[in-house]
Amino acid sequence: MTQGSMKDLLKKSALTVLDRGGAVRGFVNIGREQMLPYRMKRHMEYHTHGSFWLMHYFSNPKTSQVLLDQLKLDARVIRCNVVKVTDKLSQMVNTSDNQ
């Protein structure tokens, strides 16, 4: 995946969350063009290398499902997953009320 293609994918993912009332906390690039653990087939094509990234965001469950559906349909994405970190925003973010 080219640098511009990756940038467009990250921007599209962030805008999906923001347009539905969520907040994007940040992105983490885990690795570009690394060898995959095993050969994966997606969109009628086999892949042996890929880029890994995380997006930390806050949203409701419906927005997470919309984002997951959007990523599954994107030809640039081999695999995607959503992991719930915590139930409440106050448990994730330090605020003056909690201290």
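User: Which residues form the nonpolar patch on the surface?

Analyst: Val 28, Ile 30, Phe 52 and Leu 54 do, and together they have about 310 Å² of accessible area. Areas here come from the Shrake-Rupley method with a 1.4 Å probe, and for residues only the protein chains shown count as cover. Patch residues have over 30% relative accessible area and no salt bridge; like charges are joined within 9 Å, nonpolar side chains (Val, Leu, Ile, Met, Phe, Trp, Tyr) within 5 Å. Heads-up: this is a predicted model, where local features need pLDDT of at least 70 and side-chain atom pairs need 80 or more, while totals for chains, interfaces and linings use all residues. Residues are numbered from 1 along each chain as its sequence is written, and side-chain values use heavy atoms, without hydrogens and water.

User: Which strands supply the patch?

Analyst: S1 (23-42) and S2 (45-58) each give at least two residues. Strands are DSSP runs of E, at least two residues, numbered from the N terminus.

User: How do S1 and S2 pair?

Analyst: Antiparallel, over twelve bridges; pairing takes at least two DSSP bridges. Met 35 sits opposite His 49 in S2.

User: New topic: which residue forms a salt bridge with Asp 74?

Analyst: Arg 76, with the closest N and O atoms 2.8 Å apart. The rule is a side-chain nitrogen of Lys or Arg within 4 Å of a carboxyl oxygen of Asp or Glu.

User: Is Asp 74 buried or exposed?

Analyst: Buried, because its relative accessibility is 8%; the cut-offs are under 20% for buried, over 50% for exposed and partly exposed in between (1.4 Å probe, protein chains only).

Definitions and conventions: Helices (H or I, at least four residues) and strands (E, at least two) are DSSP runs, numbered from the N terminus.
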